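Work through the exercises below with the sequence and the structure at hand. Try each task before reading its solution.

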Amino acid sequence: MLGYIGRRILATIPVMAVVGLFVFSLLYFAPGDPAAIIAGDQATPDDVARIRASLGLDRPFLVRFGEWSWQILHGDLGTSIFTNLPVTTMIGQRVQPTVSLMLVTLVLAIVVAVPLGVVAAWKAGSLIDRLVMGLAVLGFSVPVFVVGYVLAYVFALELGWLPVQGYTPIEQGLWPWFSNLILPAVTLGLVYIALIARVTRATMLDVLSQDYVRTARAKGLGQGPVLFIHALKNAAVPIVTVIGIGIALLIGGAVVTETVFAIPGLGRLTVDAILRRDYPVIQGVVLLFSFVYVLVNLAIDLFYTLLDPRIRY
Amino acid sequence: MSGVPLLSIENLQVHFRTPDGANRAVDGVSFAIQAGETLAIVGESGCGKSVTAMSILRLLPEPPASIAGAIRFEGENLLDLPINAMRKIRGNDISVIFQEPMTSLNPVLTVGRQIGETLRLHQGLSRREAEARAVEMLTLVGIPEPVRRVREYPHQLSGGMRQRVMIAIALACSPKLLIADEPTTALDVTIQAQILDLMRDLKRRVGAAIMLITHDLGVVAEVADRVVVMYAGRKVEEAPVRDLFRAPRHPYTRGLMGAVPKLGAVEHGATERLAEIPGMVPSLKQRIEGCVFAGRCPDVTDLCRTYAPALEPKAPAHLAACHYAPKDALAA
């Protein structure tokens, strides 16, 4: 087990190296010259060349990639071209809103989607089942920004129950923090809920036809223990897997959601950095997201052993 | 054998709704089990024996199944009970051993948890008491190192051991009736014998009545007191086990017995073909005119094809549904 964890952690190194190379070359080959943007409209070609040289942008690809990687291994993600602040500092300032949004969304999605999927499978073919599955299709097909604007319009502008946009740090109180996150979390979570509910239903349908579920019923257990202990525990591995894969959905969705709800998080930082071609920031954020994704999926692989005694590494 | 029987099934009808009409899986079956008795229900696949058993505990999903008739347990019709009252009977007064030990245990829960579950549910034991009882139950069913095994998962046990665990689960609450649905079919022969011995031994100790569902006449001869033979959703013969083997009255029962290989049946070095019952079980989707066995019976006549024979006593305590079954003078 410990050996397995060690091997898995070592295996993240080449993955991250490939991600790094990809991120670096993508922006290297992307059109648009940061030097020209910094210099502004009035600049002469000489000015642009000077700025480019001062940023080190005139040197060969491999030299720049090597230098960049070396810095990153030392915990230095570089300095923003625009703010001249270290990228780590900029990310640090933006981490809390994004982490808050993702955690709230994650909890909301699991709490809503898993019971919905279980009930849909239990009542397969019924009105409830069709309603849940209809909702799932809707969740998949309506774009995040549409959901966001509709929710903000109804619950914030018309009804006035929740703030329209913005973010309140958790230090300023739990409710102000949470109330600001409800609408974004629902917006971001809808696709995720749809995904988890569908997988839960499909897996549960299969599990509910197994002999051991009949055994559980024959013991005199009520519907609740049969569904949520005997059946759900057997369905847990695919559900947890899709929750892990869905983190990618959350990362992508956070960028749009943070823009819609004006949350000063990493998603906004990414969008702003892309618009300004602030290479070090883009690279830093993408690397961070990839790293988190790899770690989450490693954690999930290890979590399997707790869910299913037959899985041993 | 007097007074109210432990379980009495009266004119049980189990129909399954299918896209092309109702499937009459069980069609008017009646029998009774006395306390402490072992009743075998015999028949080939699809004759409705397992469906009968599952309908006693109301484990069939309704719909598509619909159950009519009466299933009286200690005088109370189980079909009228609300689901909560039914749950108090399941695993407590009536428990089941299923055919497939490999798939009937939950793979992600420990053996101890699965045995202790019924004890906690029906007898209100604490987690610790239930585990202690689970260890006792494992000892009772002959599993070595019960203290270690109780914390293991089903995949760590062999098929025979898993069936022992199933028996431990079924007997944990000392049920009055144990339904054993082909308990030995999935096991190899030496393990089969061990499991049968175990069941007989436990029956003596616990005093439960057993309803044994099987297609294996060897098993029937070994453990049963009385036998019900089912064919195409009907009961075609019922008799005490010795009478049935000595003088089977229904041609289907005789056919079943002919299909059992016997030691020493090979004479003069030539292998004799095992007798079989020709043909197939009729479709249960149409009403059957005449005798259900008419299509496969070697002695069929026009009478059989037109009129269904009634189940009538052919000898004391011996019922059969055949126009031509020999009838003893003593029969009522």
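## Exercise 1: The contact between the chains

In this predicted model, 23 residues of chain B are in contact with 18 residues of chain A. Find which helices and strands of chain B each supply at least two residues of the side that touches chain A, and sort that side by class.

Solution. 
Step 1. Four elements of chain B each supply at least two residues: helix 2 (83-89), strand 6 (94-97), helix 3 (101-104) and helix 4 (111-123).
Step 2. Helix 4 of chain B gives the largest share, four residues.
Step 3. By class, the side of chain B that touches chain A holds nine nonpolar, nine polar and five charged residues.

## Exercise 2: Chain A as a whole

Solution. 
Step 1. Take the extent: the C-alpha trace of chain A spans about 85 × 55 × 35 Å along its principal axes.
Step 2. Turn to burial: 33% of the 313 residues of chain A count as buried.
Step 3. Look at the contacts in chain A between residues at least 6 apart in sequence: 72% of them join residues at least 24 apart.
Step 4. Over residues 95-304, chain A is 84% helix and 0% strand, and the end C-alpha atoms are 28 Å apart.

## Exercise 3: One helix of chain A

Examine helix 7 (residues 144-158) of chain A: what span does it reach from its first C-alpha to its last, where does it bend, and which residues are buried?

Solution. 
Step 1. Helix 7 of chain A has 15 residues and reaches 20 Å, close to the 21 Å expected at 1.5 Å a residue.
Step 2. Helix 7 of chain A bends by about 25° at Ala152(A).
Step 3. Ala152(A) is also one of the buried residues, which include Val144(A), Val147(A) and Gly148(A).
Step 4. Recall a general rule: an α-helix has 3.6 residues a turn, so residues three or four places apart point the same way.
Step 5. Find the packing partners: the buried residues of helix 7 of chain A pack against helix 8 (174-208) and helix 10 (223-260) of chain A.
Step 6. After helix 7 of chain A comes Gly160(A), with a positive phi near 70°.

## Exercise 4: An open sheet in chain B

Give the order of the four strands in the open sheet of chain B and name the edge strands.

Solution. 
Step 1. The order is 2-1-4-5, with antiparallel pairing.
Step 2. Strand 2 (21-33) and strand 5 (76-77) of chain B are the edges, since each pairs on one side only.
Step 3. Inside the order, strand 1 (residues 7-18) and strand 4 (residues 65-73) of chain B pair over eight bridges. Ser8(B) stands opposite Arg72(B) in strand 4 of chain B.

## Exercise 5: An enclosed strand

Why is strand 10 (residues 234-240) of chain B largely enclosed by the rest of the structure, and which residue of strand 12 is the bridge partner of Glu237(B)?

Solution. 
Step 1. Six of the seven residues of strand 10 of chain B are buried, so the strand is largely enclosed.
Step 2. Strand 9 (residues 226-231) of chain B pairs with strand 10 of chain B in the antiparallel sense over six bridges. Val228(B) stands opposite Glu238(B) in this pair.
Step 3. The hairpin of strands 9 and 10 of chain B has two residues between the strands, and Ala232(B) takes a positive phi near 50° there.
Step 4. Strand 12 (residues 318-320) of chain B runs antiparallel to strand 10 of chain B and is joined to it by two bridges. In strand 12 of chain B, Ala320(B) is the bridge partner of Glu237(B).

Conventions. Residues numbered from 1 in each chain as written. Chains lettered and ligands numbered in written order. Predicted model: local features only at pLDDT ≥ 70, side-chain atom pairs only at ≥ 80, totals over all residues. Pairing = 2+ DSSP bridges. Expected span 1.5 Å × (residues − 1). Bend = angle between axes of the 7 residues up to and from the residue. Buried ≥ 20, exposed ≤ 12 C-beta atoms within 10 Å, placed from the backbone. Contact = placed C-beta atoms within 7 Å. Nonpolar A, V, L, I, M, F, W, Y, C, P; charged D, E, K, R; others polar.
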